[in-house]
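Please open the structure in a viewer and follow the stops below in order.

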Amino acid sequence: MGRKDESKPSSKPSAAAAAAAKPSKLVVSAMLASMDNPTKSAKPKPSSSKPKPKAKAAAASNYLDDFDLPPSDEEEEVPIELDDSGAKLVVGSKPASKERAGLAEHVPTEKDNKKKERKEEMKAHAAEVARQEALKDDRDAFSVVVGGSHATADDESNNSAMDNIKDIVVENFSVSARGKELFKNASVKISHGKRYGLVGPNGKGKSTLLKLLAWRKVPVPRNIDVLLVEQEIVGDDRSALQAVVSADEELMKLRAEAQALSEADDKDAADEDGDRLAEIYEKLQLKGSDAAEALASKILAGLGFTKEMQARPTKSFSGGWRMRISLARALFMQPTLLLLDEPTNHLDLRAVLWLEEYLCQWKKTLIVVSHDRDFLNTVCNEIIHLHDFKLHVYRGNFDDFESGYEQKRREMNKKYETYEKRIKAARKSGSKAQQDKVKGQALSKAAREAAKNKGKGKASQDDDDQAPPEVPQKWRDYSVEFHFPEPTELTPPLLQLIEVGFSYPNRPDFKLQNVDVGIDMGTRVAIVGPNGAGKSTLLNLLAGDLQPTEGEVRRSQKLRIGRYSQHFVDLLTMEENPVQYLLRLHPDQEGSSKAETVRAKLGKFGLPSHNHLTPIAKLSGGQKARVVFTSISMSKPHILLLDEPTNHLDMQSIDALAEALEEFTGGVVLVSHDSRLISRVCDDEERSEIWVVEEGTVRRYPDSFQDYKDELMKEIRAEVEE
C-alpha cells in the first residue's frame with residue numbers, strides 16, 4: 001500500500017476536525033519526551049466535556065512507568081501498530097488523541113509525584129509477589145526422574161556423596177512439564193572451568209535445563225553455588241552501584257557488623273569487640289571489600305552505565321536496564337556455576353562485545369543459552385546440543401560444533417538407512433523370526449556402542465539405571481524458511497532525510513541535527529552507536545512515526561515500509577489468533593481458502609500448525625515475532641526497518657532471516673546487537689553503509705562493519721585489562 005498524499009485529501013475536512021488534527025502532531029513528540037523521562041511525566045488531564053474514569057488515568061500513568069532517562073534504544077521507541085492495510089505504521093497504542101494531549105498539558109504537583117511513587121512501590125511489590133508465586137507454580141510444573149527415581153532438590157542421597165566435587169554429572173534423567181516431554185533418558189557431564197554454549201530449537205527445554213540446575217532438581221554437589229540470571233531486579237531506592245555490591249550478602253553483613261562494633265560505647269565489652277572487629281576486617285580484606293565498588297562500577301560501565309546512571313535509583317530504570325543490573329550482579333558475585341539465558345538480548349553491540357571479552361576470562365563454570373553465533377564462537381569452548389530429547393556435548397566453539405553435528409547427522413542417517421534396508425528385506429520374507437533377529441542385532445550393536453562411549457566417561461550408575469538401547473532412528477532436522485516478496489520497482493530516491501533535526505519537547509539533553517541520509521532499492525544499512533544516542537529515534541523518523549523539527553523528509557508516494565520492533569510485537573491483537581489477525585490486516589489472499597493460504601505462510605516462517613489457531617496472548621515471544629514477520633512479508637514492502645529482529649529467534653530462524661535479507665532486492669535498515677547478522681546483511685561493501693549515531697548526529701563510517709567492530713574491540717580490551 002502506498003502512502004497517502006496528505007497535501008491532497010479526498011474530502012475537505014471541517015474546521016473543527018482541522019483544529020483537532022493540527023495539535024495532534026505536536027502532542028506525539030510531547031508524549032515521547034514524557035515517556036523518556038518518568039520523573040517529569042505528566043498525568044492525563046481529564047477532558048472538560050467528558051471526564052474520564054480514574055481507572056483510565058491510572059492506565060495512562062502506568063504506561064509511562066517503564067520508560068527511562070537517559071533513554072536507551074528500547075525507550076526511545078514509540079509504540080507502533082499496523083493500520084488495516086498492514087503496510088503503514090502509526091504512532092500510539094491508543095487512538096485517543098485527547099488522552100495523549102493531556103500528557104503534555106498537565107504538570108504534576110509534588111503531591112502527585114508522591115502519590116505516583118507510592119503507587120509504583122505498591123506495584124513493584126505486587127509484581128514481585130506475583131513473580132514468586134508464578135515461580136513456585138513453575139517449579140511444581142516439572143516432573144524430574146533421575147536414574148529411574150523421582151528427584152527432589154533436598155535429596156541428601158543425591159548430594160551428600162558429592163561434597164568437594166566440582167564437576168556435575170547427571171545420567172539417565174527424564175523431564176516433563178505438564179505432560180510435555182522435554183528430556184528422555186538424557187545424560188550430561190559439566191566439567192569445572194569449562195564455558196558451555198547450550199543450543200537447540202526454541203521451546204525444546206534449554207531454559208528448563210538451566211532452571212533445573214539452579215533449583216537443584218537434578219543432582220548438583222552442595223559445595224557448588226549456582227546463579228541463574230533470569231529476571232530483572234525489582235526497582236527500589238538503591239542506586240545501580242549499590243544494587244550490584246549488595247548482591248554479596250556476606251560482604252554487606254560483615255560491613256554492617258563492623259560499623260556497629262565501631263560505633264559501640266560499651267567499655268566492658270571493648271576487648272571482646274576489638275577481637276571480633278579484627279576478625280571481621282581480616283574477612284573483609286579476604287573478600288576484597290576495598291575494591292568491591294570499583295569492580296562493580298567497572299562491570300556496570302562495560303554494560304553501558306555511565307557514572308551518572310550508576311548513581312541513579314534502580315526504580316528509575318526500565319526493565320531492560322534492570323536486566324543489565326541483574327547481569328552485573330551475577331558477574332560481580334562470580335558463582336562457581338553461572339547460568340545465563342540469552343544475556344545479549346538487552347544489550348547493544350558494544351555491550352555485547354564487552355561481555356564477550358569479559359566472559360573469555362571467566363575461570364569458573366559457565367553455561368549460556370544464546371542464539372548469537374559470534375558470541376558462542378568467542379566465549380564457549382564446548383557446546384551442549386539439545387536434540388531429540390537428548391543432550392550431546394561437542395568440543396570446541398560453535399563452528400566446531402556445526403562440523404561435528406553434520407558428521408554425526410550423516411553417520412546416524414547412514415545407520416538408519418542400513419537398518420531400514422535390512423528390516424524391509426526381513427518383512428518381505430514374511431519371517432517374524434528374521435525381523436526379530438535384525439532388530440536384536442541392531443539393539444545389541446547400539447548397546448555395545450553405548451557401553452564403549454560410557455567407558456570414556458565416569459560410570460556411576462547401576463545397569464538398571466542405564467537408558468535402554470534403541471534401534472537406529474532417522475536424524476530429525478529442524479528447518480525454517482523466511483521470505484520477503486520481490487518489491488515493485490520505484491524510481492529513486494525512495495526515502496531521504498535532508499538536513500533533518502529533531503528534539504523532544506522538554507528534553508534539552510537530547511537532540512539530533514544535520515541528519516542527511518537516504519535509502520534506495522538494494523541499499524543495506526547498519527545503524528550503530530552507543531545506547532541512548534538516538535538509533536531508534538532515527539528509525540522512527542525514517543518510518544514517519546516522528547516528524548522532524550527542522551529539515552525535510554522526502555518519500556516516494558508509493559513507498560511501502562515493513563517495520564519490526566519489540567513494541568510492534570507487544571502490540572499484536574492478543575485476543576485474536578494468528579490467522580484471524582493476518583486475515584484482518586491482509587484480506588486479499590489468493591487461493592480457494594484464504595485461511596489455508598495464511599496458514600501456509602505462517603508455516604514457512606516457522607510457526608507450528610497447532611499454534612495457528614491459538615490466541616496470540618498464549619504464544620511465546622518467538623512465536624509472536626514469527627507472526628509479525630509473516631505480516632511484514634504479506635505487506636510486500638519496498639524497505640525493511642528492523643530494530644533488534646533477532647530477539648526471541650532461534651539459531652535456525654536467524655539464519656533464515658539472514659538468507660531472506662540477502663535475497664531481498666529492496667532496501668534494508670538494521671539495528672542489531674548480532675554482529676554476524678550485520679556482517680551478512682552488509683557483506684557487499686559497494687551497496688552497504690554503516691551509520692554511526694553519536695554526539696547528536698549521524699555520520700557514515702568510511703570503512704566496513706568489520707573495521708568498526710575491530711575499533712570497538714581495541715577499546716574494550718583496554719578497558720577489561722585495566
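**A guided tour of selected elements**

Begin by selecting strand S15 (residues 524-528) together with S20, which pair in the parallel sense over five bridges. The model under view is a predicted one. Within this pairing, highlight Ile527, which stands opposite Trp691 in S20.

Next, keep strand S20 (residues 688-694) selected by itself. Five of its seven residues are buried, and the strand is thus mostly covered.

S20 and S21 pair in the antiparallel sense, with four bridges between them. Glu694 may be highlighted here, as it stands opposite Thr697 in S21. The two strands form a hairpin with two residues between them, and in this hairpin Glu695 takes a positive phi near 55°.

Proceed to helix H18 (residues 535-543). Is this helix enclosed by the rest of the structure, or open? Nine of its nine residues are buried, so H18 is largely enclosed by the rest of the structure. Among these buried residues are Lys535, Ser536, Asn540 and Ala543. Select Gly544 as well: this residue comes just after H18 and takes a positive phi of about 90°.

For the last stop, select Asp683, Glu685, Glu686, Asp703, Asp707, Asp710 and Glu711, which form a negative surface patch. How large is the relative accessible area of Asp707? The value is 32%, so Asp707 is partly exposed, given that the partly exposed class lies between under 20% for buried and over 50% for exposed.

Notes: Residues numbered from 1 in each chain as written. Predicted model: local features only at pLDDT ≥ 70, side-chain atom pairs only at ≥ 80, totals over all residues. Heavy atoms only, no water. Patch = residues over 30% accessible without salt bridge, like charges linked within 9 Å, V, L, I, M, F, W, Y side chains within 5 Å. Areas by Shrake-Rupley, 256 points an atom, 1.4 Å probe, with all protein chains shown as cover. Salt bridge = Lys/Arg side-chain N within 4 Å of Asp/Glu carboxyl O. Lys, Arg positive; Asp, Glu negative; His and termini not counted. Charge placed at Lys NZ, Arg CZ, Asp CG, Glu CD. Buried < 20%, exposed > 50% of the residue type's maximum accessible area, 1.4 Å probe, protein only. Pairing = 2+ DSSP bridges.
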